[in-house]
Amino acid sequence: MDELSTQGLFITFEGLDGSGKSTQLALCAQALTAQGYSVLTTRNPGGTAFGQELREILLHSKRPVFPLSELLLFIADRAQHMDEVVFPALAKGTVVLCDRHMDSTLAYQGYGRGLSIDTIRELNHIAIQGKQPDLTFLFDAEPAVLAQRVNHRGQADRMEGEKAAFHNKVRAGFLALAEQEPQRIQVFNALESPEALHPKVMQSLEAVLKALDSLKA
Ligand code: T5A
């Protein structure tokens, strides 16, 4: 766990499209709220009004978007989101649950698109002003299986519409990141049912919640 420099907790949920991260985030928010924690659920991209406009461009623009432009827009979304949403919430002692964050940029734009990992790390560092997630949950499974879960939604967005090879690289990227930071990034088998995964996620949260409780005591 990263040193708790703020009073709240910053937890991110990562994985490929259809990995079930949003489902687990919602279950987690429900459980923590029931336990009396102040909880904020949010997302990248689109966790602010400005970010929502960037999300629309990033996922639905019909114009050519070059990889570097794409990267910088995801970073702009993140910078706005940290200042407008995450830092104020953490300062109030809130548990912030964020659907995707800096690891998605490393996995999608770095490992997927092939942009420099070092450059992305640097840009992420600027956008998050050094505040890494305290804990990250990664829901992992074969991309082809996960795609079947979201196919029924109709028109795929720009990222979902990428070829299988792209999603395989993104998956490998996420797993490489988890190997580099095993303490922060905890990997779960996305093929397990939501009901089986939820208690495992809650168990992984125990240590950071204890640290938060002791800060507040
Ligand atoms: N992106 C994002 C980048 O390229 N770079 C970046 O820096 C960032 C931040 C938007 C896109 O942007 C890209 C990545 C993405 O392509 P998004 O809005 O998070 O990201 O889009 P999705 O990943 O598509 O998010 P979703 O909410 O649509 O999918 P989830 O969260 O993976 O899955 P969820 O929970 O909504 O579940 C999908 C379906 O599966 C079922 C659910 O009921 C639902 O129908 N399901 C399960 N089924 C079986 N077993 C389980 N355990 C299940 N859990 C859920």
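Predicted model: local features only at pLDDT ≥ 70, side-chain atom pairs only at ≥ 80, totals over all residues.
- Cys28 takes part in no disulfide, and the nearest cysteine sulfur, which belongs to Cys98, is 13 Å away.
- A disulfide needs two cysteine sulfur atoms within 2.5 Å.
- Cys28 counts as buried because its relative accessibility is 0%.
- Cys98 is likewise in no disulfide, with the sulfur of Cys28 as the nearest cysteine sulfur.
- Cys98 is buried too, because its relative accessible area is 0%.

**A loop residue: Ala141**

- You can find Ala141 in the loop that links strand 4 (135-140) and helix 6 (143-150).
- With a relative accessible area of 4%, Ala141 is buried, since buried means under 20%.
- Ala141 and Asn189 are 48 residues apart in sequence, yet their C-alpha atoms are 6.3 Å apart in space.
- Beyond its neighbours within four places in sequence, Ala141 is in contact with Leu16, Leu146, Arg171, Ala190 and Leu191.

**Helix 2 and helix 3**

- The axes of helix 2 (residues 49-60) and helix 3 (residues 67-91) come within 9 Å and cross at roughly 160 degrees.
- That angle makes helix 2 roughly antiparallel to helix 3, because angles over 145 degrees fall in that group.
- The crossing of helix 2 and helix 3 is left-handed.
- On the helix 2 side, the residues that meet helix 3 are Phe50, Gly51, Leu54, Ile57 and Leu58.
- On the helix 3 side, they are Glu70, Leu73, Phe74, Ala76, Asp77 and Gln80.
- Sorted by class, this contact has seven nonpolar, two polar and two charged residues.

**Helix 4 and helix 7**

- Helix 4 (residues 102-112) and helix 7 (residues 164-180) have axes that come within 8 Å and cross at roughly 130 degrees.
- Helix 4 is therefore oblique to helix 7.
- Helix 4 and helix 7 make a right-handed crossing.
- Helix 4 contributes Asp103, Ser104, Leu106, Ala107, Tyr108, Tyr111 and Gly112 to the contact.
- Helix 7 contributes Phe166, Lys169, Val170, Gly173, Phe174, Ala176, Leu177 and Gln180.
- By class, the contact of helix 4 with helix 7 has nine nonpolar, four polar and two charged residues.

Definitions and conventions: Residues numbered from 1 in each chain as written. Heavy atoms only, no water. Buried < 20%, exposed > 50% of the residue type's maximum accessible area, 1.4 Å probe, protein only. Helix = DSSP H or I, 4+ residues; strand = E, 2+ residues; numbered from the N terminus. Contact = heavy atoms within 4.5 Å. Axes fitted to C-alpha atoms, helices over the stretch in contact; angles between N-to-C directions. Parallel < 35°, antiparallel > 145°, perpendicular 65-115°, else oblique. Left-handed = near helix turned anticlockwise from the far one by under 90°. Nonpolar A, V, L, I, M, F, W, Y, C, P; charged D, E, K, R; others polar.
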